[in-house]
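Dear colleague,

Please find the structure we discussed handed over below.

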Amino acid sequence: MSEKILIAGGTGLLGTRLSEMLIDSGYEVAHLSRTPDKYARYKTFKWDVAKGIIDENAIRYADYIINLAGTSVSGEKWSATRKKEILNSRVLSTNLLCQYLEKTQHRVKGFLASSAVGIYGNSGDRLMMEESTYGSDFLAEVCKQWEHASWQIHSLGIRTVIFRIGIVLSNKGGALPQMAKPIKMMAGAPLGSGKQYMSWIHVDDLCRLCIKAIEDRQMQGVYNAVAPNPATNEHLTRSLAKVMHKPMVFPNVPAFGLKLMLGEMSEIILNSSRVSATKVLQTGFTFEYNHLNEALESLYDKNS
(Lines give C-alpha, C1' and ligand atoms only; values in the text may rest on other atoms or scores of the structure.)
Protein backbone atom coordinates (compact mmCIF):
# COMPACT_ATOMS: atom_id res chain seq x y z
CA MET A 1 0.00 0.00 0.00
CA SER A 2 1.26 3.44 -0.87
CA GLU A 3 2.06 5.83 1.95
CA LYS A 4 -0.21 8.77 2.65
CA ILE A 5 1.01 12.36 2.82
CA LEU A 6 -1.08 15.11 4.42
CA ILE A 7 -0.16 18.65 3.34
CA ALA A 8 -1.13 21.89 5.07
CA GLY A 9 -0.77 24.73 2.57
CA GLY A 10 -1.11 22.30 -0.31
CA THR A 11 -2.61 24.78 -2.77
CA GLY A 12 0.26 27.28 -2.61
CA LEU A 13 3.13 27.48 -5.11
CA LEU A 14 5.24 24.78 -3.45
CA GLY A 15 2.31 22.64 -2.26
CA THR A 16 0.83 22.41 -5.76
CA ARG A 17 4.05 21.21 -7.40
CA LEU A 18 4.95 18.94 -4.47
CA SER A 19 1.52 17.27 -4.60
CA GLU A 20 2.03 16.47 -8.30
CA MET A 21 5.53 15.10 -7.73
CA LEU A 22 4.43 12.99 -4.75
CA ILE A 23 1.65 11.43 -6.84
CA ASP A 24 4.18 10.75 -9.63
CA SER A 25 6.40 9.05 -7.00
CA GLY A 26 3.57 6.70 -5.98
CA TYR A 27 2.30 8.41 -2.81
CA GLU A 28 -1.29 9.25 -1.92
CA VAL A 29 -1.84 12.94 -1.13
CA ALA A 30 -4.47 14.80 0.88
CA HIS A 31 -4.74 18.48 1.77
CA LEU A 32 -5.96 20.37 4.80
CA SER A 33 -8.34 23.13 3.79
CA ARG A 34 -10.56 25.66 5.50
CA THR A 35 -13.17 25.05 2.79
CA PRO A 36 -12.95 21.40 1.66
CA ASP A 37 -14.35 20.83 -1.81
CA LYS A 38 -15.46 17.31 -2.68
CA TYR A 39 -14.60 18.03 -6.32
CA ALA A 40 -11.04 19.12 -5.48
CA ARG A 41 -8.20 17.33 -7.23
CA TYR A 42 -6.98 15.89 -3.91
CA LYS A 43 -8.79 14.44 -0.95
CA THR A 44 -9.34 17.34 1.48
CA PHE A 45 -9.92 17.45 5.22
CA LYS A 46 -11.26 20.47 7.06
CA TRP A 47 -9.20 22.56 9.41
CA ASP A 48 -9.70 26.04 10.79
CA VAL A 49 -6.69 27.55 12.54
CA ALA A 50 -8.64 30.54 13.90
CA LYS A 51 -11.16 28.21 15.56
CA GLY A 52 -8.47 25.70 16.56
CA ILE A 53 -10.02 22.67 14.84
CA ILE A 54 -8.80 19.88 12.56
CA ASP A 55 -10.83 16.93 11.33
CA GLU A 56 -9.24 14.12 13.36
CA ASN A 57 -9.58 11.79 10.35
CA ALA A 58 -6.86 13.86 8.69
CA ILE A 59 -4.40 12.99 11.46
CA ARG A 60 -5.43 9.32 11.36
CA TYR A 61 -5.04 9.29 7.56
CA ALA A 62 -1.41 10.44 7.47
CA ASP A 63 1.87 8.54 7.42
CA TYR A 64 3.66 11.86 6.97
CA ILE A 65 2.60 15.48 7.49
CA ILE A 66 4.10 18.41 5.56
CA ASN A 67 3.35 21.90 6.85
CA LEU A 68 3.67 24.65 4.25
CA ALA A 69 0.93 26.89 5.69
CA GLY A 70 1.60 30.62 6.02
CA THR A 71 0.41 33.99 4.73
CA SER A 72 2.61 35.43 1.96
CA VAL A 73 5.29 37.79 3.30
CA SER A 74 5.32 39.81 0.09
CA GLY A 75 1.60 40.17 -0.61
CA GLU A 76 1.13 43.65 0.83
CA LYS A 77 2.86 46.28 3.01
CA TRP A 78 3.71 45.22 6.55
CA SER A 79 1.19 47.02 8.72
CA ALA A 80 1.02 45.91 12.38
CA THR A 81 -2.04 43.76 11.47
CA ARG A 82 -0.29 42.20 8.49
CA LYS A 83 2.79 41.35 10.57
CA LYS A 84 0.60 39.66 13.16
CA GLU A 85 -1.08 37.67 10.37
CA ILE A 86 2.29 36.58 8.92
CA LEU A 87 3.47 35.34 12.33
CA ASN A 88 0.20 33.75 13.50
CA SER A 89 -0.51 31.95 10.22
CA ARG A 90 2.76 30.06 10.71
CA VAL A 91 2.98 29.58 14.48
CA LEU A 92 -0.70 28.91 15.28
CA SER A 93 -1.09 26.42 12.41
CA THR A 94 1.97 24.50 13.65
CA ASN A 95 0.78 24.60 17.28
CA LEU A 96 -2.60 23.26 16.17
CA LEU A 97 -1.03 20.33 14.30
CA CYS A 98 1.04 19.59 17.41
CA GLN A 99 -2.02 19.62 19.70
CA TYR A 100 -3.88 17.18 17.45
CA LEU A 101 -0.87 14.87 17.08
CA GLU A 102 -0.68 14.78 20.87
CA LYS A 103 -4.33 13.89 21.46
CA THR A 104 -5.21 11.74 18.41
CA GLN A 105 -4.36 8.08 17.79
CA HIS A 106 -2.12 8.22 14.70
CA ARG A 107 0.66 6.49 12.77
CA VAL A 108 2.59 9.57 11.66
CA LYS A 109 6.24 8.65 11.05
CA GLY A 110 7.60 12.03 10.06
CA PHE A 111 6.85 15.75 10.04
CA LEU A 112 8.30 18.14 7.44
CA ALA A 113 8.19 21.81 8.34
CA SER A 114 9.08 24.92 6.41
CA SER A 115 11.08 27.90 7.62
CA ALA A 116 13.13 30.43 5.66
CA VAL A 117 16.69 31.66 5.19
CA GLY A 118 15.32 34.94 6.57
CA ILE A 119 16.22 33.52 10.00
CA TYR A 120 19.83 34.67 9.40
CA GLY A 121 18.79 38.31 8.89
CA ASN A 122 20.95 40.58 6.76
CA SER A 123 24.19 38.59 6.79
CA GLY A 124 26.18 40.41 4.09
CA ASP A 125 28.85 38.26 2.40
CA ARG A 126 29.15 35.74 5.25
CA LEU A 127 28.28 32.16 4.32
CA MET A 128 25.58 31.07 6.75
CA MET A 129 25.44 27.47 8.02
CA GLU A 130 22.57 25.90 9.96
CA GLU A 131 24.34 26.67 13.25
CA SER A 132 25.16 30.30 12.36
CA THR A 133 23.79 33.16 14.46
CA TYR A 134 20.27 34.41 13.78
CA GLY A 135 19.20 37.88 12.70
CA SER A 136 17.01 40.15 14.82
CA ASP A 137 14.71 41.74 12.23
CA PHE A 138 11.03 40.89 11.78
CA LEU A 139 11.45 37.93 9.41
CA ALA A 140 14.19 36.42 11.58
CA GLU A 141 11.88 36.63 14.62
CA VAL A 142 9.04 34.98 12.66
CA CYS A 143 11.34 32.13 11.60
CA LYS A 144 12.62 31.58 15.16
CA GLN A 145 9.09 31.26 16.55
CA TRP A 146 8.00 29.14 13.59
CA GLU A 147 10.88 26.68 14.08
CA HIS A 148 10.31 26.56 17.83
CA ALA A 149 6.66 25.58 17.17
CA SER A 150 7.73 22.88 14.66
CA TRP A 151 10.33 21.47 17.03
CA GLN A 152 7.58 20.71 19.58
CA ILE A 153 6.48 17.92 17.25
CA HIS A 154 9.91 16.32 17.56
CA SER A 155 9.35 16.21 21.32
CA LEU A 156 6.30 13.97 20.65
CA GLY A 157 8.74 11.37 19.31
CA ILE A 158 8.05 12.14 15.61
CA ARG A 159 11.04 12.52 13.28
CA THR A 160 11.05 16.21 12.33
CA VAL A 161 12.82 17.93 9.44
CA ILE A 162 12.78 21.73 9.13
CA PHE A 163 13.76 23.30 5.81
CA ARG A 164 15.05 26.88 5.77
CA ILE A 165 13.94 27.72 2.26
CA GLY A 166 15.57 30.28 -0.03
CA ILE A 167 13.84 32.08 -2.91
CA VAL A 168 11.87 29.41 -4.76
CA LEU A 169 12.36 29.75 -8.51
CA SER A 170 9.20 28.94 -10.45
CA ASN A 171 7.43 30.57 -13.38
CA LYS A 172 4.06 29.78 -11.78
CA GLY A 173 4.33 32.27 -8.91
CA GLY A 174 6.54 33.61 -6.15
CA ALA A 175 9.39 36.08 -6.72
CA LEU A 176 10.43 35.20 -10.26
CA PRO A 177 7.35 36.35 -12.25
CA GLN A 178 7.48 39.60 -10.23
CA MET A 179 11.09 40.11 -11.31
CA ALA A 180 10.32 39.09 -14.90
CA LYS A 181 7.49 41.61 -15.30
CA PRO A 182 9.64 44.80 -15.54
CA ILE A 183 12.24 42.91 -17.62
CA LYS A 184 9.53 41.97 -20.15
CA MET A 185 8.64 45.66 -20.37
CA MET A 186 12.33 46.55 -20.96
CA ALA A 187 12.46 48.17 -17.52
CA GLY A 188 14.51 45.58 -15.62
CA ALA A 189 17.10 46.85 -13.15
CA PRO A 190 19.06 45.52 -10.17
CA LEU A 191 17.55 46.51 -6.81
CA GLY A 192 19.49 48.55 -4.27
CA SER A 193 23.25 48.02 -4.64
CA GLY A 194 22.55 44.76 -6.52
CA LYS A 195 25.40 43.24 -4.48
CA GLN A 196 23.12 41.61 -1.89
CA TYR A 197 23.10 37.82 -2.08
CA MET A 198 19.93 35.88 -2.80
CA SER A 199 19.95 32.21 -1.91
CA TRP A 200 17.63 30.38 -4.29
CA ILE A 201 16.36 26.89 -5.13
CA HIS A 202 14.49 25.57 -8.18
CA VAL A 203 10.96 24.49 -7.22
CA ASP A 204 11.52 20.94 -8.55
CA ASP A 205 14.72 20.51 -6.52
CA LEU A 206 12.87 21.67 -3.40
CA CYS A 207 10.12 19.11 -4.04
CA ARG A 208 12.70 16.36 -4.62
CA LEU A 209 14.38 17.38 -1.36
CA CYS A 210 11.05 17.05 0.49
CA ILE A 211 10.57 13.56 -0.98
CA LYS A 212 14.10 12.63 0.09
CA ALA A 213 13.34 13.82 3.64
CA ILE A 214 10.31 11.50 3.70
CA GLU A 215 12.31 8.51 2.46
CA ASP A 216 15.66 9.05 4.22
CA ARG A 217 15.10 8.15 7.87
CA GLN A 218 18.52 9.56 8.76
CA MET A 219 17.38 13.09 7.98
CA GLN A 220 16.37 15.00 11.09
CA GLY A 221 16.66 18.57 12.31
CA VAL A 222 17.30 21.76 10.35
CA TYR A 223 18.55 21.98 6.75
CA ASN A 224 19.13 24.96 4.47
CA ALA A 225 17.01 24.30 1.37
CA VAL A 226 19.08 26.30 -1.10
CA ALA A 227 21.06 25.51 -4.26
CA PRO A 228 24.86 25.38 -3.80
CA ASN A 229 25.54 28.64 -5.67
CA PRO A 230 23.84 31.75 -4.25
CA ALA A 231 23.65 34.70 -6.66
CA THR A 232 23.69 38.45 -6.15
CA ASN A 233 20.57 40.41 -7.00
CA GLU A 234 22.39 41.96 -9.98
CA HIS A 235 23.49 38.53 -11.28
CA LEU A 236 19.94 37.20 -10.91
CA THR A 237 18.38 40.20 -12.68
CA ARG A 238 20.92 40.17 -15.53
CA SER A 239 20.68 36.38 -15.96
CA LEU A 240 16.90 36.58 -16.11
CA ALA A 241 17.07 39.36 -18.73
CA LYS A 242 19.50 37.23 -20.73
CA VAL A 243 17.32 34.09 -20.82
CA MET A 244 14.33 36.29 -21.72
CA HIS A 245 16.36 37.98 -24.48
CA LYS A 246 15.70 41.45 -23.09
CA PRO A 247 18.21 44.29 -22.65
CA MET A 248 19.06 45.84 -19.28
CA VAL A 249 18.98 49.56 -19.88
CA PHE A 250 18.02 51.06 -16.54
CA PRO A 251 20.36 51.91 -13.64
CA ASN A 252 19.86 50.27 -10.24
CA VAL A 253 16.66 51.08 -8.34
CA PRO A 254 18.00 52.96 -5.27
CA ALA A 255 17.48 51.40 -1.84
CA PHE A 256 15.84 54.55 -0.43
CA GLY A 257 13.20 54.40 -3.19
CA LEU A 258 12.40 50.79 -2.33
CA LYS A 259 12.19 51.64 1.39
CA LEU A 260 9.85 54.52 0.59
CA MET A 261 7.63 52.34 -1.57
CA LEU A 262 7.63 49.10 0.43
CA GLY A 263 8.43 50.25 3.97
CA GLU A 264 9.85 47.51 6.22
CA MET A 265 8.93 44.90 3.58
CA SER A 266 11.92 46.16 1.52
CA GLU A 267 14.03 43.90 3.83
CA ILE A 268 12.98 40.97 1.64
CA ILE A 269 14.74 42.54 -1.35
CA LEU A 270 17.59 44.46 0.28
CA ASN A 271 18.82 41.96 2.90
CA SER A 272 21.80 39.88 1.82
CA SER A 273 21.48 36.15 2.35
CA ARG A 274 24.40 33.92 1.36
CA VAL A 275 23.47 30.49 2.66
CA SER A 276 25.35 27.17 2.54
CA ALA A 277 23.93 23.97 1.00
CA THR A 278 26.69 21.77 2.47
CA LYS A 279 24.52 19.93 5.02
CA VAL A 280 21.94 18.96 2.37
CA LEU A 281 24.72 17.80 0.00
CA GLN A 282 26.16 15.66 2.81
CA THR A 283 22.90 13.65 2.87
CA GLY A 284 23.73 12.49 -0.67
CA PHE A 285 21.09 14.70 -2.29
CA THR A 286 21.99 15.86 -5.80
CA PHE A 287 20.61 19.06 -7.21
CA GLU A 288 19.31 19.00 -10.75
CA TYR A 289 19.88 22.78 -10.88
CA ASN A 290 23.16 23.78 -9.22
CA HIS A 291 23.63 26.99 -11.19
CA LEU A 292 21.30 29.92 -11.67
CA ASN A 293 21.49 30.01 -15.47
CA GLU A 294 20.37 26.40 -15.92
CA ALA A 295 17.54 26.93 -13.42
CA LEU A 296 16.30 30.04 -15.24
CA GLU A 297 16.64 28.42 -18.67
CA SER A 298 14.43 25.54 -17.53
CA LEU A 299 11.71 28.03 -16.55
CA TYR A 300 11.98 30.68 -19.26
CA ASP A 301 12.53 29.11 -22.64
CA LYS A 302 13.11 30.96 -25.88
CA ASN A 303 9.45 31.91 -26.17
CA SER A 304 9.29 33.87 -22.92
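This is a predicted model: local features need pLDDT of at least 70, side-chain atom pairs count only at pLDDT 80 or more; totals for chains, interfaces and linings use all residues.

Residues are numbered from 1 along each chain as its sequence is written, and side-chain values use heavy atoms, with hydrogens and water left out.

Helix H1 spans residues 13-24; helices (H or I, at least four residues) and strands (E, at least two) are DSSP runs, numbered from the N terminus. From first C-alpha to last, the twelve residues of H1 reach 17 Å, close to the 16 Å expected at 1.5 Å a residue, the expected span being 1.5 Å times one less than the number of residues. Leu-14, Gly-15, Leu-18, Ser-19, Met-21 and Leu-22 of H1 are buried (under 20% relative accessible area, with exposed over 50% and partly exposed in between; 1.4 Å probe, protein chains only). The buried residues of H1 pack against strands E1 (4-8), E2 (28-33), E5 (64-67) and E8 (159-165) and against helix H6 (203-215), where contact means heavy atoms within 4.5 Å. Just after H1, Gly-26 has a positive phi of about 95 degrees.

Rings of Phe, Tyr and Trp (its six-membered ring) pair if their centres lie within 6.5 Å; planes under 30 degrees apart count as stacked, over 60 as edge-to-face and the rest as tilted. The count by this rule is four aromatic pairs. Phe-45 and Tyr-61 have ring centres 5.4 Å apart and planes at 55 degrees, so this pair is tilted. The pair links distant parts of the chain, with Phe-45 in strand E3 (residues 43-48) and Tyr-61 in helix H2 (residues 56-61), 16 residues apart. Phe-45 is buried at a relative accessible area of 8%, and Tyr-61 is buried at 9%.

A charge sits over a ring if NZ of Lys or CZ of Arg is within 6 Å of the ring centre and within 35 degrees of the ring normal. The charged end of Lys-83 sits over the ring of Phe-138, 5.0 Å from its centre, and Arg-90 lies over the face of Trp-146, at 4.9 Å from the ring centre.

Lys-144, in helix H4 (residues 138-154), is partly exposed, with a relative accessible area of 25%. Leaving aside residues up to four places away in sequence, Lys-144 touches Ile-119, Tyr-134, Gly-135 and Ser-136.

Yours sincerely
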